[in-house]
Amino acid sequence: MKTESSQANHQRSHCIPYQDVLNPSQLRAVMFNDGPLLVIAGAGSGKTRTLTYRVARLVEEGVSPHSILLLTFTRKASTEMLSRASRLLDRRCEKVSGGTFHSFANGALRRYAPAVGFKAGFSILDRSDAESLIGMIKKELGLTSQKRGFPKNRTLANVFSKAVNKVISVEDVVFDDYPHFSENLDAVTSLFNAYQERKARHNFFDYDDLLVYLHRLLKNHEDIRESVSSSYRYIMVDEYQDTNLLQAEIMYLLANKNNNVMAVGDDSQSIYAFRGANFKNIMDFPKIFPGTIIIGLEQNYRSVQPILTLTNAMIEQAAEKYDKKLFTQKKGGLMPRLVDAGNENNQSRFVTDKIKEITREGISPGQIAVLFRAGFHSFDLEIELNREQIPFVKVGGFKFMESAHIKDLLAHLRVIINPYDRISWYRLLLLLNKVGPKTAHDMYEAIANERAGYTGILTVKNKPKRLDGFKPLEELFANIDSRPLTVAEMGEAVLRYYHPILKRKYDDHPKRLKDLEQLLTIMERYRDLEGFLIDMALEPPNTSVGDRLSAGQHDDERLVLSTIHSAKGLEWHTVFIIWALDGRFPSVHSLNNQEELEEELRLMYVAATRAKENLFITYPGQIYDRASGLFLGRPSRFVDLLPDSVLERYTVDLW
DNA sequence: TCACGGAATATTTTT
DNA sequence: TATTCCGTGA
């Protein structure tokens, strides 16, 4: 909606020299005003920069920061953009409404939960909570022992999540992606229904529910939709290629009033289809928003020409995409290399040797990354790097918040907020000696029956006798109940109680204790426990565990090992892509599915476009794959089919 | 009913 | 690497 004041604002002269620092396409996007806008931003084309400048420009022209909504996929991306905008302009930019889809949904639902049949004080289940709950119900339904081939909790959670995010039935997901479970289809479906019912009964939202219910809220309640959508004058969404159908519809509903919506993304970098993301969203954007203006950003500021030539050729193999050809003005650079290393250990040694060579030439290890398809692909390399004493950080893989000891500690705090949190009660009770599933179950029922909140544990009669670990637990809760404590003090109390358990349970407890102390430091920033727990669920610190703090070694001076998924948006001087072996990458799982194969190709594309100067793609050419019984020897088909003119091929001699 | 040990196993995972 | 699964013995 064009208003007089915004018209007038455009006449005003700016203090940021947009014309001088942006290329013509970027400038068009930044200066674009009202209506729907789609920016197709190729890899390294200044996507973040464009969004940042647009935020700054709107604020500079007097648009209220609160009425700008910037949705991103990570908290990190959002804060980074806003702080960059603030540096361009001033502190006002930090007031821009923003965050992830999920945290936005959380905020709206805290306010409007009753409209969708929930209480405002709902708890959020993170992924492993959801898996435990599924596991519990599975046991209750007696689905574990009798059938051996029954899917694991994690797989079930994947199936359920995919069904919800793609807005299709569980049956369809099983049929399409897990045909080997079709004989268990009835059980899986009833488990799904039980899971839904249980969440509603306990006032639990899992991550997907946040989107589902936000969507329902906006769709079914016209008054709420009106009020929410009119409070955002400009909406911007980053990484649009990784949104799923639900998120696309949420965006549509949010734009209901003002229709000023800008989506930024790159269809060629859509790599989250396994989670329900649909890269067609970005193709369909102009259909959903008639009158969309499309701007393409094709100048690449990252990579040298030989790398760009390779990646352009690579993505040519994709069947469906917005046509774009990236170009650069960065001259020189070496031809990317494809290296057959023979076996896995040779591959590790080749990479290690090359890294040593490159760092000797003066490149900081922090400017080098090794990328791979799956977390465990780097295990052998990690051993080799340790042997050679090359420090590294591993990104992706196991997360701080997901590690057992962190979850143990949080469980004690969670029951304080939600005493009917069965998952957390089980977790903390099972830590006690001589308590197994049966005892935990009985105890939970008893505590819940007391109807006395978390202190119910103190008054339960018929406590299991001869439980030596039980007294300290009671004392802990009595202590917490006896006087008002700050969040951090509660954490300390729990840690004092938990420390002996930690020592008993893990032989690497010193390392884990450090993690817990780090958590206490985080807790000091919070004034109320519930807020802390919500943040831990929605915006957990993304430090990875076991990240050894070698003294003096700053994070950005260390070599990076990363899954390709976690490498999105980043760049390095030199990039190694390991395990580029046909059958591993693309993995055997995706070989007979055209769509999945396309996604694997995009994944390879994302990996290769991270490199600025040097790119090595390696594969062990002689691998026997036990799972499939096949010998693998060809390089990934995504590079194998490319002409020699874009890629130099080498074979490393076996040692 | 629980504890323990050894073996198997693992896509990817911003929320 | 870290977790989970499964069988066994107490």
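Predicted model: local features only at pLDDT ≥ 70, side-chain atom pairs only at ≥ 80, totals over all residues.
Leaving aside residues up to four places away in sequence, Ile235 touches Leu69, Met251, Leu254, Ala255, Asn260 and Val261.

On one hand, β6 (residues 234-237) is joined by four bridges to strand β2 (residues 68-72), and the two run parallel. Within this pairing, Leu69 has Ile235 as its bridge partner. On the other hand, three bridges tie β6 to strand β7 (residues 261-265), again in parallel, and here Ile235 stands opposite Val261.

Now for the whole sheet around β6. Six strands line up in the order β3-β2-β6-β7-β1-β8, giving an open sheet with parallel pairing. The edges are taken by β3 (97-100) and β8 (293-297); each has a single partner strand, so one side of each is left without a neighbour in the sheet. On average, neighbouring strands of this sheet are turned by 15° against each other, ignoring direction. Helix α5 (residues 75-88) packs on the sheet and touches β2 and β3, with its direction at about 150° to that of β3. As for what holds strands together, the general rule is that strands of a sheet pair through backbone hydrogen bonds, either parallel or antiparallel.

There is another open sheet to look at, built from seven strands in the order β13-β14-β12-β15-β16-β11-β19, and its pairing is parallel too. At its edges sit β13 (392-395) and β19 (648-651), each pairing on one side only. From one strand to the next, the twist averages 20°. Inside this sheet, β12 (residues 368-372) runs parallel to β14 (residues 559-563), and four bridges join the two. Phe372 stands opposite Thr563 in β14. Helix α16 (residues 344-360) lies across β11 (337-340), β12, β14, β15 (572-577) and β16 (611-619), and runs at about 155° to β16.

In helix α9 (residues 170-177), the buried residues are Val170, Val173 and Val174. Looking down the axis of α9, these buried residues fall within an arc of 95°, so they line one face of the helix. Among the elements covering the buried residues of α9 are α8 (153-166) and α10 (185-202).

Finally, there is Tyr213, which lies in helix α11 (residues 207-220). Tyr213 counts as buried because it has 21 C-beta neighbours inside 10 Å, and the cut-off for being buried is 20 or more. Apart from residues up to four places away in sequence, Tyr213 touches Leu109 and Val116. The chain also brings Tyr213 and Phe118 together across a stretch of sequence: they are 95 residues apart along the chain, but their C-alpha atoms are separated by 9.6 Å.

How values were computed. Residues numbered from 1 in each chain as written. Chains lettered and ligands numbered in written order. Contact = placed C-beta atoms within 7 Å. Pairing = 2+ DSSP bridges. Axes fitted to C-alpha atoms, helices over the stretch in contact; angles between N-to-C directions. Buried ≥ 20, exposed ≤ 12 C-beta atoms within 10 Å, placed from the backbone. Arc of directions from axis to C-beta.
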